[in-house]
Amino acid sequence: MSRDSVFWWLPRGLLLGLFAFFVFGPLVNLVLWSVAEAWFWPNRLPSQYGFRFWERVFRPQGQAMESLWLSIWIASLTTLLCLAVSVPAAWALAKARLRWRAAILLLFLLPQAFPNLPVYINVARIFFTFDLNGTVAGVVLVHAAHGLVYSIWIATAAFAAVEEDVELAARNMGAGPLTAFRTVTLPLAAPGIAASAVFVFLESLDEFTASYFVGAPEVRTLPLLLFSAAAGGNMQIAAITALILLVPSVLFMLLVERFLRAEVLAKVGR
Amino acid sequence: MGVSVEVEDLTVSYGATPVLHRVSVAVGAGEFVALLGPSGCGKTTLLRSIAGFVKPSGGVIRAGTRDITHAPPERRGAAMVFQSYALWPHMSVAKTIGYGLAIRGWDKARIAARVEEMLRLLRLEGLGARLPAQLSGGQRQRVALGRALAVDPEILLLDEPMSNLDARVREGVRHELRALQRDLGITAIHVTHDREEAMILADRIVILHEGRVAQHGSPEDLWARPASAYVADFLGATNRLPVRVRDGMAEGAEGEPPLRLDPGRAPPAGASTLHFRPEEARLLAPGEGIDGLVFHGTVALSAYPGGRWRAAIRVAGQEVLVDVPERVAQGAAVRLGIPAAAAHLFAATEPQQDRRAEVTPAH
């Protein structure tokens with residue numbers, strides 16, 4: 001069958017179109033909603049376009065911007081906390097015997113095995129006794145517990161990918177254990193660690209369930225704002241919030257793609 | 001200037017597996033010693049114990065008068081060139097060579113001057129800004145050597161540094177390395193499985209076998225007087241023939257005169273095995289005598305590897321290789337002569353050799 005034939009390109013074109021629709025359809029809907037000033041049933045398309053809602057969101061006293069900065073602040077703290085734990089832990093784990101390493105890595109995965117909802121409701125109850133509910137610290141803590149899985153797994157792989165001889169060569173040249181770690185091991189593991197940090201940051205930025213039970217209503221992160229806007233029928237604000245949340249995700253995904261080499265990925269979980 | 005290195009009764013185990021059994025090696029200041037043996041003989045473990053990368057379970061390591069058995073790697077005064085080179089992928093050549101100096105707190109200008117000197121010495125001029133990935137294998141090897149030499153170490157440890165170079169480059173690097181080590185007066189310990197490399201480079205060779213020292217001595221000494229069948233085999237005496245020893249005499253073929261053995265080196269009476277090198281045996285003319293052992297055989301095959309012919313001779317059911325100046329006809333009956341100096345005899349202790357000795361007609 002020739003490539004010019006209708007039977008060759010039509011099914012392929014249709015399939016590709018369908019695929020594109022699944023990926024980009026929801027996005028297009030979001031963009032439409034964000035610029036729709038009036039969109040009532042049964043209209044297929046908005047009857048009035050404009051940037052009124054964008055203006056409202058980006059207004060200096062607008063809640064959305066405040067939530068955005070709060071979300072970024074929480075995500076940054078979460079990332080720092082995760083790195084502070086995962087870098088030394090992953091370094092130690094990468095050196096540990098393989099059997100122990102596998103067991104400990106599995107342990108970190110365990111919280112993910114349970115359904116989120118009961119876990120977070122319980123966390124909220126426990127946090128209540130410590131006065132952590134509705135505080136940034138509380139939200140950061142639950143986000144970090146969740147993010148540690150990524151950061152430890154990926155950072156362990158990054159450290160395991162650094163050859164032992166390379167570190168020993170630094171010791172051999174007169175560097176103490178800490179200097180060797182700082183000048184050789186850490187720079188070589190840095191791309192993997194940076195990738196893990198990006199994952200943690202994005203997870204925290206998008207996180208809803210834990211934020212809802214531990215943080216709401218005092219701590220209003222962007223996903224919480226999105227939820228209340230959508231639940232309240234304010235589709236425009238919800239759409240714009242979602243689009244804002246999309247920006248760091250796309251940016252960081254591009255970064256990760258550059259950072260995370262195949263050798264590192266191949267060692268994840270080993 | 002180099003210092004002496006003494007290893008005494010060193011024992012190392014990996015888990016439950018013993019790797020070195022009470023190994024003792026003494027290296028003089030400024031001496032070049034090669035640790036020679038096949039893979040798994042423990043030579044790299046010995047080197048890494050001296051570097052401080054492996055913890056011994058027993059024994060003592062001394063550098064000069066200092067006991068370094070339990071010193072951390074950074075406090076041993078030993079610089080190592082790794083088999084993999086272990087260069088740092090994120091560091092430029094200049095940074096790599098200057099690393100040890102920066103650790104020692106040298107100021108920038110002095111480091112730069114020293115790095116420049118090392119680059120010149122190792123013919124790496126103009127490559128200071130390159131990363132390891134942008135270098136050829138030979139250049140990487142020289143950077144690894146430069147990093148080790150820059151700190152003016154007392155002891156230089158070389159872990160098969162030439163195994164990743166192609167044969168052509170290797171030849172040149174050997175002579176350079178030897179000249180450098182002599183000029184700088186560093187004590188060098190070199191691990192290799194390459195017999196020729198060890199012979200060319202080293203003042204003294206230590207041959208290891210299954211975690212024990214099989215023999216040590218100068219290259220000439222080892223070549224002429226291997227102490228065991230293992231050493232003889234490793235040093236090229238790969239031909240083996242069964243021989244009987246009686247009253248300090250070794251008997252070759254029937255009807256040929258026996259060889260009186262040097263009393264110091266003679267194996268005990270009974271079945272023993274003769275080891276010799278293909279290039280040290282020769283075919284004898286009819287009636288020609290030799291101060292050595294003579295065997296009767298037939299030519300099984302002749303091949304020409306270049307320069308001389310190499311003949312496979314069948315003697316008493318075994319094949320041995322001999323270098324001959326001219327082609328010999330296949331099937332021809334020949335007399336094979338092994339000069340006394342080239343005949344290395346060892347008691348046939350291995351079971352297979354015992355069995356072989358039993359089937360010989362002389363038994």
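**Entry 1: helix α1 of chain B**

I began with the buried residues of α1(B), and listed K43(B), T44(B), T45(B), L46(B), L47(B), R48(B), S49(B), I50(B) and A51(B). A residue is buried if 20 or more other C-beta atoms lie within 10 Å of its own, exposed if 12 or fewer, and partly exposed in between, with C-beta atoms placed from the backbone. The helix covers residues 43-51, and nine of its nine residues are buried, so I noted α1(B) as mostly covered. Helices (H or I, at least four residues) and strands (E, at least two) are DSSP runs, numbered from the N terminus. Just after α1(B), I found G52(B) with a positive phi of about 90°.

**Entry 2: ground rules**

This is a predicted model, in which local features need pLDDT of at least 70 and side-chain atom pairs count only at pLDDT 80 or more, while totals for chains, interfaces and linings use all residues. Residues are numbered from 1 along each chain as its sequence is written, and chains are lettered from A and ligands numbered from 1 in the order in which they are written.

**Entry 3: confidence in chain A**

I looked up pLDDT, the predictor's confidence in each residue, from 0 to 100. Chain A has a mean of 84, and 93% of its residues reach 70 or more. Where pLDDT is low, the predicted coordinates should not be read in detail.

**Entry 4: chain B as a whole**

I counted nine helices and 20 strands in chain B. Its C-alpha atoms fill a box of roughly 80 × 45 × 35 Å, taken along the principal axes. Chain B has 363 residues, and buried residues make up 40% of them. Two residues are in contact if their C-beta atoms, placed from the backbone, lie within 7 Å. Among contacts in chain B between residues at least 6 apart in sequence, 67% join residues at least 24 apart.

**Entry 5: single residues in chain B**

I looked for positive phi in residues other than glycine. A86(B) has a phi of about 50° and is not a glycine. A86(B) sits in the loop between β6 (78-81) and α2 (93-103) of chain B. It counts as buried because it has 22 C-beta neighbours inside 10 Å. D152(B) also has a positive phi, near 55°. The loop that holds D152(B) runs between α4 (137-150) and β7 (155-159) of chain B. With 15 other C-beta atoms within 10 Å, D152(B) is partly exposed.

I then turned to Y14(B), which is in strand β1 (residues 5-14) of chain B. Is Y14(B) buried or exposed? Y14(B) is exposed, because 9 other C-beta atoms lie within 10 Å. From Y14(B) to P56(B) I noted 42 residues in sequence and 9.5 Å in space, C-alpha to C-alpha.

**Entry 6: the domains of chain A**

Chain A is assigned domain 1 (6-50) and domain 2 (61-267), with bounds that come from an automatic or database domain assignment. The centres of the two domains, taken over C-alpha atoms, are 34 Å apart. Four residues of domain 1 are in contact with six residues of domain 2. On the side of domain 1 that touches domain 2, helix α1 (residues 6-34) of chain A gives the largest share, three residues. By class, that side has three nonpolar, one polar and no charged residues. Ala, Val, Leu, Ile, Met, Phe, Trp, Tyr, Cys and Pro count as nonpolar, Asp, Glu, Lys and Arg as charged, and the others, Gly among them, as polar.

**Entry 7: where chain A touches chain B**

I found 14 residues of chain A in contact with 18 residues of chain B. On the chain A side, α7 (164-172) and α8 (177-206) each supply at least two residues. The largest share, six residues, comes from α7(A). The residues of this side divide into eight nonpolar, four polar and two charged.

**Entry 8: the bend in α8 of chain A**

α8(A) has 30 residues, but its end C-alpha atoms are only 38 Å apart, short of the 44 Å that a straight helix would reach at 1.5 Å a residue. The expected span is 1.5 Å times one less than the number of residues. I located a kink of about 55° at A190(A), shortly before the proline P191(A). The bend at a residue is the angle between axes fitted to the seven residues ending there and the seven starting there.

**Entry 9: L225 of chain A**

L225(A) is in helix α10 (residues 222-231) of chain A. It counts as buried because 22 C-beta neighbours lie inside 10 Å. L225(A) and A64(A) are 161 residues apart in sequence, yet 7.2 Å apart in space, C-alpha to C-alpha. Leaving aside neighbours within four places in sequence, I listed Q63(A), A64(A), S67(A), R220(A) and T241(A) as the contacts of L225(A).
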